[in-house]
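Subject: Structure handover

Hello,

Here is the structure you are taking over.

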Amino acid sequence: MARAPLYFVFLRNPGDMNLFVLNWLEFQGPGLGLSPTPFGGTARSLPGIVQAEDFDDGGEGVAYHDLDAVNIGGQYRSTGVDIETTTDTGGGYDVGWTAAGEWLNYTVNVSTPGVYAISARVASPASGGTCHIEFNGVNKTGPIIIPNTGGYAELADLEHQQRAPGCRTTVHAIADGRQ
Ligand SMILES: [Ca+2]
Ligand SMILES: [Ca+2]
């Protein structure tokens, strides 16, 4: 749950008194998650593994973007992101049903700035799916092309290198579609 200060600003007639009375303000909609916060309250540390399903809290458009509001896999978290139990070694969960334009945000702490080798653990029954990774809003990887691994249940390591800035960083993993 993101905490955000709310300012109600009186802009006009600064010298006037008794402009009106205010009883209440009503907010309808998904909420006031103005900035993402780490899932579980603690930013993930790099170097290290960031679980795909541990994207930030903050809701649709803030912590993630998913094309619908349903968790199709029905596992782990109650958001629009589609999470299933993984068949991969070590168990846990993965994010599936990815579509072009969807993204996940991760707040991380980078202990030492520098070039990191990134391994993405992915699976696909077809070649040419692409994604990219942004650090603080900048596309640092360009298109990462995901190969045919033999099926959604066949997860494989994709290697990539990128430079990570220090300190607290926002990492965006974005599905781009298929080339
Ligand atoms: Ca969904
Ligand atoms: Ca996982």
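Two strands count as paired if DSSP finds at least two bridges between them. On that basis E1 and E5 pair: three bridges join them, and the two strands run parallel. Please keep in mind throughout that this is a predicted model.

Overall make-up

The chain has eleven strands and zero helices, so read from the N terminus its elements are simply β-β-β-β-β-β-β-β-β-β-β. It has 179 residues, of which 22% count as buried. Among contacts with a separation of 6 or more, 63% are between residues 24 or more positions apart.

Strand E5 and its partners

E5 covers residues 103-110. Seven of its eight residues are buried, so E5 is largely enclosed by the rest of the structure. In the parallel pairing with E1, Ser45 stands opposite Asn109 of E5. E2 is joined to E5 as well, by two bridges, but this pair runs antiparallel. There, His65 stands opposite Trp103 of E5.

The nonpolar core

Which residues of the largest nonpolar core touch the most other members? They are Phe55, Tyr64, Val81, Leu104 and Ala173, out of 23 residues in that core. Two or more residues each come from E5, E6 (114-124), E7, E9 and E11 (167-178). E5 gives the largest share, namely five residues. As background, nonpolar side chains tend to be buried together in soluble globular proteins.

Leaving aside residues up to four places away in sequence, Val81 touches Phe55, Tyr64, Asp66, Asn71, Val95 and Leu104. Phe55, Tyr64 and Leu104 are also on the list of core residues that touch the most other members.

Strand E7 and its neighbours

E7 spans residues 129-135, and Gly129 lies in it. Three bridges join E7 to E9 (residues 144-146) in an antiparallel arrangement, where Cys131 has Ile144 of E9 as its bridge partner. E7 is also antiparallel to E8, with two bridges between them; here the bridge partner of Glu134 is Asn139 in E8.

E7 and E8 form a hairpin with two residues between the strands, and in this hairpin Asn136 takes a positive phi near 50°. That value is found here in a residue other than glycine. Asn136 lies in the loop between E7 and E8 (138-139). Is Asn136 buried or exposed? It has 12 C-beta neighbours inside 10 Å, and a residue with 12 or fewer is exposed, so Asn136 counts as exposed.

Gly129 and Ala175

Gly129 is buried, because 21 other C-beta atoms lie within 10 Å and the cut-off for buried is 20 or more. Ala175, in strand E11, has 19 other C-beta atoms within 10 Å and is therefore partly exposed. How far apart are Gly129 and Ala175 in sequence and in space? They are separated by 46 residues in sequence and by 8.2 Å in space, C-alpha to C-alpha.

Ala175 and Glu102 are 73 residues apart in sequence, with 5.5 Å between their C-alpha atoms.

Backbone details in two other loops

The peptide bond from Leu46 to Pro47 is cis, with omega near 5°. Pro47 is found in the loop between E1 (44-46) and E2 (64-65).

Tyr76 is another residue other than glycine with a positive phi, in this case near 75°. Its place is in the loop between E2 and E3 (83-85). With 18 C-beta neighbours inside 10 Å, Tyr76 counts as partly exposed, whereas Asn136, with 12, counts as exposed.

Regards

Methods
Residues are numbered from 1 along each chain as its sequence is written. Chains are lettered from A and ligands numbered from 1 in the order in which they are written. This is a predicted model: local features need pLDDT of at least 70, side-chain atom pairs count only at pLDDT 80 or more; totals for chains, interfaces and linings use all residues. Helices (H or I, at least four residues) and strands (E, at least two) are DSSP runs, numbered from the N terminus. Two residues are in contact if their C-beta atoms, placed from the backbone, lie within 7 Å. A nonpolar core is a set of buried Ala, Val, Leu, Ile, Met, Phe, Trp, Tyr and Cys residues joined through C-beta atoms within 7 Å.
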